[in-house]
Amino acid sequence: MSLPDGALEQVHAVEAGDAGDAYEAYMGRWSRLVAAHFVEWLDVPPGGVWLDVGCGTGALADAVARGAEPVAVTGVDRSPELVAHATDRTALPVVDFVEADASDLPFADGIFDVVVSGLLLNVLPDPVAALREQSRVAASSGAVAAYVWDYAAGMSLLRYFWKVARSISPSAAALDEAVRFPKANPRGLERLFEAAGMDPLETTSLEVEAVFAGFTEVWAPFERGQGAAPSFVAGLDELSRQSLRSGLEAALPTADDGSIHLSARAWAIRARP
């Protein structure tokens with residue numbers, strides 16, 4: 001079995017896309033946990049003005065508002081649907097969301113104390129241009145920081161999924177995030193920041209764990225079409241889909257009570273503007 005024509009393009013469109021609820025069901029349980037860990041790691045003094053670039057469903061902006069005692073947090077995303085989703089979900093007075101492109105931020109130079117982006121850089125067509133914009137709008141005494149998933153080794157659910165998927169269709173490798181995002185690691189992040197003219201100060205790993213009540217809860221988001229793996233599932237015939245479902249269920253570590261514990265790791269970096 002081979003991938004249909006345009007499969008990668010369809011995946012890119014979905015990943016950049018507008019299905020906030022579907023994303024929350026698929027990756028939200030991890031993204032909200034890792035956002036809180038990221039804010040804790042940054043340990044920025046209270047009273048700052050923050051910018052969250054590529055805010056998506058608002059997980060990071062929400063974590064900043066709840067954990068960093070900011071004066072204000074602005075989240076930007078190029079998707080009007082995601083901006084609306086984040087606005088509806090994050091009802092905190094210090095937070096606002098606006099539509100804007102990461103490579104063309106509608107802000108004056110040096111007005112933010114902290115500029116952050118979560119789970120964004122690997123999916124941008126020009127991450128260096130976006131980082132230059134982030135550096136531009138950050139105060140000279142401030143910080144620019146980001147994190148991305150460790151797709152190669154740190155996303156246990158995806159590692160299980162793509163291993164089974166390849167046994168059904170070897171061409172599934174073309175959609176595997178570990179293949180598509182080989183620079184989602186500390187050195188890759190450092191090089192991006194250096195190319196944007198910034199001085200990387202520190203990198204770290206952020207580890208989180210999600211607990212699923214059972215396999216039905218694990219599988220349900222794969223049928224909603226948000227992200228590479230769900231897009232792959234959507235393109236399968238029924239027999240192949242059932243084979244993948246059964247193979248994944250057999251592969252996952254399941255506790256005696258039926259629960260499934262899965263870890264996820266992100267790589268984080270901070271730099272001087």
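The legends below describe close-up views of a predicted model, beginning with the whole chain and ending with single residues.

Residues are numbered from 1 along each chain as its sequence is written, and side-chain values use heavy atoms, with hydrogens and water left out. Because the model is predicted, local features need pLDDT of at least 70 and side-chain atom pairs count only at pLDDT 80 or more, whereas totals for chains, interfaces and linings use all residues.

**View 1. The protein chain as a whole.**
The protein chain holds 11 helices and 7 strands. Helices (H or I, at least four residues) and strands (E, at least two) are DSSP runs, numbered from the N terminus. Of its 273 residues, 52% count as buried; buried means under 20% relative accessible area, exposed over 50% and partly exposed in between (1.4 Å probe, protein chains only). Among contacts between residues at least 6 apart in sequence, 76% join residues at least 24 apart, a contact being heavy atoms within 4.5 Å.

The 7 strands form an open sheet with mixed pairing, in the order 3-2-1-4-5-7-6. Strand 3 and strand 6 (199-212) stand at the edges with a single partner strand each, so one side of each has no neighbour in the sheet. From one strand to the next, the twist averages 20°. Two strands pair if DSSP finds at least two bridges between them. Strands of a sheet pair through backbone hydrogen bonds, either parallel or antiparallel. Strand 4 and strand 5 (residues 138-149) pair in the parallel sense, over 6 bridges. Val114 stands opposite Ala143 in strand 5.

**View 2. Helices lying across the strands.**
Helix 4 (residues 80-89) lies across strand 2 (72-77) and strand 3, and runs at about 170° to strand 3. Helix 8 (residues 186-195) lies across strand 5, strand 6 and strand 7 (260-272), and runs at about 30° to strand 7. Axes are lines fitted to C-alpha atoms, for helices over the stretch in contact, and angles run from 0 to 180 degrees between N-to-C directions.

**View 3. Helix 5 against helix 8.**
Two packed helices are described by the angle between their axes and the distance between the axes. Helix 5 and helix 8 pack at an angle of about 60°, with their axes 8 Å apart. The two helices are therefore oblique to each other; angles under 35 degrees count as roughly parallel, over 145 as roughly antiparallel, 65 to 115 as roughly perpendicular and the rest as oblique. Helix 5 passes helix 8 in a right-handed crossing. A crossing is right-handed if the near helix is turned clockwise from the far one by less than a right angle, and left-handed if anticlockwise. Pro127, Val128, Leu131 and Arg132 in helix 5 meet Leu192, Phe193 and Ala195 in helix 8.

**View 4. Ser103 and Glu133.**
Ser103 lies in the loop between strand 3 (95-99) and strand 4 (112-118). With a relative accessible area of 34%, Ser103 is partly exposed. Neighbours within four places in sequence aside, Ser103 is in contact with Asp126, Ala129, Ala130 and Glu133. The C-alpha atoms of Ser103 and Ala129 are separated by 5.7 Å, although the two residues are 26 apart along the chain. Glu133 lies in helix 5 (residues 127-137) and is buried, at 12% relative accessible area. Beyond four places in sequence, the contacts of Glu133 are Ala102, Ser103, Asp104 and Leu105.

**View 5. Trp149 and the largest nonpolar core.**
A nonpolar core is a set of buried Ala, Val, Leu, Ile, Met, Phe, Trp, Tyr and Cys residues joined through side-chain atoms within 4.5 Å. The largest such core has 89 residues, and those touching the most other members include Trp30, Tyr147 and Trp149.

**View 7**
In helix 3 (residues 59-67), 7 of the 9 residues are buried, so the helix is largely enclosed by the rest of the structure. Among them are Leu60, Asp62 and Val64. Glu69 follows helix 3 and lies in the loop between helix 3 and strand 2. Its phi is positive, about 50°, although Glu69 is not a glycine. Glu69 counts as exposed, at 57% relative accessibility. Asp43, in the loop between helix 2 (20-42) and strand 1 (49-53), also has a positive phi, near 50°. Asp43 is exposed, with a relative accessible area of 62%.
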